[in-house]
Amino acid sequence: MNYARVLRGVVGAAGFLAAAELVGMSGLVDDRFLPRMSTVLAGAAGLVTDQDFLADAGATLTVWLLGLLLTVAVAVPAGLLLGTLPRAEAAVRPLIEFLRPIPSVAVIPLAILLFSDNLNLKLAVIVYASSWPVLINTIYGLKDVDPLAKETLRSFGFAPLPVLARVALPSAAPFIATGIRVASGIAIILAISAELMAGGSEGIGIYITEAASGSRVDLMLAATLWAGLFGVVADSVMVALERRLFRWHHVRTGGAR
Amino acid sequence: MLEITDLVHSYGSHRVLGGVSFSVAEGELVSVVGPSGCGKSTLLRSVAGLIRPSGGRITLGGEPVERTPDNLAIVFQDYSRSLFPWMSAANNVALPLRRKGMDRRRRREAAMTALEQVGLADAGGKFPWEMSGGMQQRVSIARALAYRPSLLLMDEPFGSVDAQTREDLEDLVLNVCAHHGITILLITHDIDESVYVGDRVIVLTRSPTRVAADLEIGLGRSRDQIATRQLDAFVRLRAEVGRLVRGGHTTTPASVLEKH
Ligand SMILES: Nc1ncnc2c1ncn2[C@@H]1O[C@H](COP(=O)(O)OP(=O)(O)O)[C@@H](O)[C@H]1O
Ligand SMILES: [Mg+2]
């Protein structure tokens, strides 16, 4: 981690918070619509001990994690299949190119019609939206595998499946991991969007909806702040993990150690 | 043990091999030399069963090569692509031994022994990208040795290392061949090298490639980078191979041999 970069980031964030606070103090904005930054931050701090919010956050994170695991379980094997069978890939590519750009949130109303169970609904939209980067990266990673590396194992008499498992998969793993990291960001967005649109009994989205109906903009923003923070932390943890696990890849591609 | 008869191969309409025939006896180190792009790698890939040649016949130990034969190993020129960067040197060497049904401990022991043989006793825990090019190619050679192949194929194995390392590796291969009795088919475009390491040198023409000459080297097995290269016989053979590679005609191999 670059110390100066972190410092600059902290200065930027602090500057924004201070500016927002000044705008609040100046009375330019009615603080029923946009509460003071200090109020929001205090609210966010208060949420840490708020049993209701903790239950909601736990519910969202559970859905997020389940959705992400399901995504990996679906998209990685699908990617492996398409990545090793070029004809099958050519057949489904137009479909992928058509479906992928559709904003994922737009499928939520359809999912609401299709699924009676709230958990299934959320998982379905998460898996649908998060699968794309994992699928595409797996296919791309497999295409990028060095043919000479595969030939090496073939020359030692390894059959196609063992070659896939021992060369293609490890070699594509860094790409797959990046796909999963992108998917994790999408999954948290979809989890909260589904809660906001489809309702349900618990979740950060539900907490925000309830805060809105009570005109507590400060709590809405505080809950949103926590959701954003979670996204940042999850992403950083995964970046760190990737650097550790795939050092060989980053050394090769000239990335930092 | 290896018999190649009228081997023909085309990529699309581009005929690369135009009927190559030669054989390699048990325990021999045969070098194959030919101009760049004449189909040396194509020849090697056909022998390894990695590609299916358009025509001709290859038998290994009397059996026709249809798929990759058992007990065959290849050392490629491009060690950095042929070694697996996510594995330590020892694990790279041990991996193919899974095919031999060896358990983990025996694989590990065999890998360590092979690494010792190539002078890398202490480097087993290193990763390929932490090693110099010469060390990486030693790991590739160790991987092939540990597998105990009856035929070892080498495709320009010293093409990507510096001159000093190249000489060291040439001597390493000569040693290995003498001590383990492995049959080696070594491909090179380097005329000097083909004569220095070979018991026999097969010279190939430009594509569509045929065998231009099959020369017995007869310099004996113990060779020395400086003394051997100064021998009259070496100098004469090198000149002969050089002429042949450039498309000249052979003085009969017998006459070359008579002179020394
Ligand atoms: N997979 C391939 N598809 C089409 N052409 C190829 C392929 N591999 C090699 N060639 C062509 O065949 C010729 C011989 O290649 P190769 O066997 O690699 O020669 P060498 O190893 O002697 O340099 C070259 O002209 C090369 O461009
Ligand atoms: Mg070649």
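User: In this predicted model, which helix of chain A holds Ser131(A)?

Analyst: The model is predicted. Ser131(A) falls within residues 118-143 of chain A, and that stretch is helix H6.

User: Is Ser131(A) buried or exposed?

Analyst: A residue counts as buried under 20% relative accessible area and as exposed over 50%. Ser131(A) has a relative accessible area of 11%, so Ser131(A) is buried.

User: How much area do chain A and chain B bury between them?

Analyst: The contact takes 19 residues from chain A and 24 residues from chain B. Of the area buried between the two chains, 65% is on carbon and sulfur atoms, and the total is about 2,200 Å².

User: Which residue of chain B forms a salt bridge with Asp146(A)?

Analyst: Two salt bridges are found across the interface of chain A and chain B. In the one formed by Asp146(A), the closest N and O atoms are 2.6 Å apart, and the partner is Arg81(B).

User: Which element gives the most residues to the side of chain A that touches chain B?

Analyst: Between chain A and chain B, seven residue pairs are in polar contact. On the side of chain A that touches chain B, the elements giving two or more residues are helix H7 (147-155), helix H8 (160-198) and helix H11 (247-252). The element that gives the most, with seven residues, is H7(A).

User: How do the residues of that side of chain A divide into nonpolar, polar and charged?

Analyst: The side of chain A that touches chain B contributes 19 residues to the contact. They divide into nine nonpolar, four polar and six charged.

User: What is the distance from an oxygen atom of ligand 1 to a polar backbone atom of Gly39(B)?

Analyst: The residues around ligand 1 include Tyr11(B), His14(B), Cys38(B), Gly39(B) and Lys40(B). A polar side-chain atom of Tyr11(B) lies 3.5 Å from a nitrogen atom of the ligand. A polar backbone atom of Cys38(B) is 3.3 Å from an oxygen atom of ligand 1. For Gly39(B), the distance from a polar backbone atom to an oxygen atom of ligand 1 is 3.0 Å.

User: Which residue's backbone nitrogen does the side chain of Thr228(B) reach?

Analyst: Thr228(B) is found in helix H8 of chain B, residues 227-230. Thr228(B) counts as buried because its relative accessibility is 5%. Its contacts include Tyr196(B) and Phe234(B). The backbone nitrogen that its side chain reaches, at 2.6 Å, belongs to Asp224(B).

User: Why does Gln136(B) count as buried, and what does Gln136(B) touch?

Analyst: Gln136(B) sits in helix H5 of chain B, residues 133-146. Its relative accessible area is 9%, so Gln136(B) is buried. Not counting residues up to four places away in sequence, Gln136(B) touches Tyr79(B), Ser80(B), Leu83(B), Pro128(B) and Met131(B).

Terms used:
Residues are numbered from 1 along each chain as its sequence is written. Chains are lettered from A and ligands numbered from 1 in the order in which they are written. This is a predicted model: local features need pLDDT of at least 70, side-chain atom pairs count only at pLDDT 80 or more; totals for chains, interfaces and linings use all residues. Side-chain values use heavy atoms; hydrogens and water are left out. Helices (H or I, at least four residues) and strands (E, at least two) are DSSP runs, numbered from the N terminus. Buried means under 20% relative accessible area, exposed over 50%, partly exposed in between (1.4 Å probe, protein chains only). Contact means heavy atoms within 4.5 Å. Buried area is the accessible area (1.4 Å probe) that two parts lose on being put together, summed over both. A salt bridge is a side-chain nitrogen of Lys or Arg within 4 Å of a carboxyl oxygen of Asp or Glu. A polar contact is a pair of N or O atoms within 3.5 Å; within protein, one must be able to donate a hydrogen and the other to accept it, and residues adjacent in sequence count only if both atoms are side-chain atoms. Ala, Val, Leu, Ile, Met, Phe, Trp, Tyr, Cys and Pro count as nonpolar, Asp, Glu, Lys and Arg as charged, and the others, Gly among them, as polar. A residue is near a molecule or strand if one of its heavy atoms lies within 4 Å of it.
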